[in-house]
Amino acid sequence: MINSASSLVGVRFIGSGSAVPDRVLTNHDLAQMVDTTDEWIASRTGIRERHIADGDADSVANLAAKAGQKAIAAAGLAPADIDLIILSTSTSDDLFGTAGRVQKILGAERAVAFDLVAACSGFVFGMVTASQYIRTGLYRNVLLIGADVLSRWVDWQDRRTCILFGDGAGALVLQADPAQDHLLGFEMRSDGKGNDLLNINYSGRSTFEPISMNGQEVYRFAVRRVPEVIEKSLNIANLTVSDVDWLILHQANQRIIDAVVNRFGIDPAKAVSNMGKYGNTSAASIPIALDEWVKAEKIAPNHIVAIAGFGAGLSWGSAVFRWG
Ligand code: UT7
């Protein structure tokens, strides 16, 4: 397995972008819809509001393309420079895939484009997938997008799930570099035995059931497994937790972030959190947070960033990289 800085071609992380719908749904709005309170949601999850798609204008393709456009511009490239587009999403506009629509909107005519489905681990799995194409020398510029519109699949009467999710997209341009490899380590895992803990199942009627989730079990799984994969990717990178400048976990629950921070004894200020504004945006949550911290110039060139995603599958994974 090529999972070290010893490969022939290295990977650099050169531009980010993000996009969310304009429409905001607050906890107070939700309290008008289901039996819940701002206090319960904020204290149990850290979420205060989320952005919710408004029809086709905020389709997965449109949000993904907006985020992708910004990432390409931030990387100093043009759409025609992109060789590969990987769209990590579990809420495709089209069961045949949405990446082709994104390619069309972007005008990235040279790119090959495909979807990758790995729920809330989608961005980490996409980063590893993109890097393999770069490290083997096949592609030079890869646009990785995490985009989800889970609001389409939420049961808005189920207070256990409808308070959690938001919509959005985040993107990252990865580029081949023969001289340096900024992907320092990664680890991906799956456990199909937990598959029934979190699903959007086919209903048998040309559509899908709304999201169903065993929240407590998924919480326990996350708190147990996420530190393991972070440790594994740090080991591969020959780094320790103290080398990490920024820890970006999938933004599912502030209590999960706090538990991982405590487990590692890491400075809480290094643990990126923006779920208060966006909720859980699934595959988009890590790249939206990454983009926000890059734009705020908190994440700077050569900072060490550790990311970890976890969710349905069950799937989980982590990557450690040097920004820039
Ligand atoms: O993105 C994929 C990964 N997903 C996750 O990581 C989610 C992981 N799970 C979680 O974050 C948490 O389990 C939740 C936030 C989903 C739920 O928090 P919890 O502390 O595990 O709550 P709970 O399910 O144990 O529910 C506690 C109580 C229950 O009432 P009883 O049975 O104790 O009377 C629920 O009915 O809270 C009740 N409850 C609510 N009350 C007010 C559940 N949802 C709500 C609500 N408002 N929205």
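Modeller: Two strands are said to pair if DSSP finds at least two bridges between them, and helices (H or I, at least four residues) and strands (E, at least two) are DSSP runs numbered from the N terminus. The model is a predicted one, in which local features need pLDDT of at least 70 and side-chain atom pairs count only at pLDDT 80 or more, while totals for chains, interfaces and linings use all residues. Residues are numbered from 1 along each chain as its sequence is written, and side-chain values use heavy atoms, with hydrogens and water left out.

The sheet you ask about is open and made of five strands in the order E1-E7-E6-E4-E5, with mixed pairing. Its edge strands are E1 (10-19) and E5 (112-116), each of which pairs on one side only. On average, neighbouring strands of this sheet are turned by 20 degrees against each other, direction ignored, where axes are lines fitted to C-alpha atoms, for helices over the stretch in contact, and angles run from 0 to 180 degrees between N-to-C directions.

Although E1 is an edge strand, eight of its ten residues are buried, and buried here means under 20% relative accessible area, exposed over 50% and partly exposed in between, with a 1.4 Å probe and protein chains only.

Strand E7 is in turn joined to E6 by nine bridges, and these two run antiparallel; Val-142, for example, has Leu-174 in E7 as its bridge partner. On the other pairing of E6, five bridges join it (residues 141-149) to E4 (residues 84-88), and here the strands run parallel.

E6 is mostly covered, with nine of its nine residues buried. In a regular strand the side chains alternate between the two faces of the sheet. In E6, Asn-141, Leu-143, Ile-145, Ala-147 and Val-149 point one way, whereas Val-142, Leu-144, Gly-146 and Asp-148 point the other way, and all of them are buried.

Helix H3 (residues 60-74) lies across E1, E4, E6 and E7 (167-177), running at about 130 degrees to E1. Helix H10 (residues 285-295) also packs on the sheet, where it touches E1, E6 and E7, and its direction makes about 95 degrees with that of E1.

Beyond this part there is another open sheet, of four strands in the order E8-E13-E12-E11, again with mixed pairing. Strands E8 (183-190) and E11 (246-249) stand at its edges with a single partner strand each, so one side of each is left without a neighbour in the sheet. The twist here averages 10 degrees from one strand to the next. E11 pairs with E12 (residues 304-311) in the parallel sense over four bridges, with Ala-308 in E12 as the bridge partner of Leu-249. Helix H5 (residues 122-135) lies across E8, E12 and E13 (315-322), at about 125 degrees to E8. Within E8 is Glu-187, which is buried, with a relative accessible area of 12%; leaving aside neighbours within four places in sequence, Glu-187 is in contact with residues including Val-229, Lys-232 and Trp-316.

Finally, there is a ligand with 23 residues around it, of which Thr-36, Arg-44, Gln-216, Asn-253 and Asn-280 come nearest, counting residues with a heavy atom within 4 Å. A polar contact is a pair of N or O atoms within 3.5 Å. A polar side-chain atom of Asn-280 lies 2.6 Å from an oxygen atom of the ligand, an N or O atom in the side chain of His-250 is 2.9 Å from a ligand oxygen atom, and a polar backbone atom of Gly-215 is 3.0 Å from a nitrogen atom of the ligand. Taken alone the ligand exposes 960 Å², and the protein buries 75% of that, with areas from the Shrake-Rupley method and a 1.4 Å probe. Gln-216 has its place in helix H7 (residues 215-236) and counts as exposed because its relative accessibility is 59%.

Technical notes: Contact = heavy atoms within 4.5 Å. Polar contact = N/O pair within 3.5 Å; in protein donor to acceptor, adjacent residues only side chain to side chain.
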